[in-house]
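Please read these notes with the model open beside you. They are meant for a first look.

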Amino acid sequence: MTELLTDRDIEDARLAEWTVFGKSLTRTVELASFPAAIEAVNRVADAAEEADHHPDIDIRWRTLTFTLSTHSAGGLTQKDVDLARRIDSLVGPS
């Protein structure tokens with residue numbers, strides 16, 4: 001089983017664009033248009049497949065909310081931090 005991160009581990013990860021909510025990390029980003037949002041979702045989908053770790057993605061017109069948690073471990077793991085960083089690189093700053 002993958003090891004759960006401590007609050008300190010998550011703080012040390014310095015995920016400035018992300019918020020800890022319960023046992024999840026969340027980030028909301030607004031893109032220029034609906035097609036741009038879908039393109040971002042497709043880039044994240046490819047990265048998630050590559051990592052074999054999949055975020056929940058809420059699509060509201062041009063606003064995307066990503067939620068990460070390692071459900072099999074019951075909380076946040078390094079997989080979530082790694083994918084959060086990858087998402088940041090794919091969608092850019094808020």
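1. Basis. This is a predicted model, in which local features need pLDDT of at least 70, side-chain atom pairs count only at pLDDT 80 or more, and totals for chains, interfaces and linings use all residues. Residues are numbered from 1 along each chain as its sequence is written, and side-chain values use heavy atoms, without hydrogens and water.

2. Strand β4. This strand spans residues 63-68. L64, F66 and L68 make its covered face. T63, T65 and T67 lie on the uncovered one. Strands are DSSP runs of E, at least two residues, and helices are runs of H or I, at least four, numbered from the N terminus.

3. Partners of β4. Strand β2 (residues 24-30) runs antiparallel to β4, joined by six bridges. There R27 stands opposite F66. Strand β3 (residues 56-60) also pairs with β4 in the antiparallel sense, over five bridges. Pairing requires at least two DSSP bridges between two strands.

4. The hairpin. β3 and β4 form a hairpin with two residues between them. R60 stands opposite T63. In the turn, W61 has a positive phi of about 55 degrees.

5. Residue exposure. D52 sits in the loop between α2 (34-51) and β3. Its relative accessible area is 57%, so D52 is exposed. F34, in helix α2, has 41% relative accessibility and therefore counts as partly exposed. Exposed means over 50%, buried under 20%, and partly exposed in between, with a 1.4 Å probe and protein chains only.
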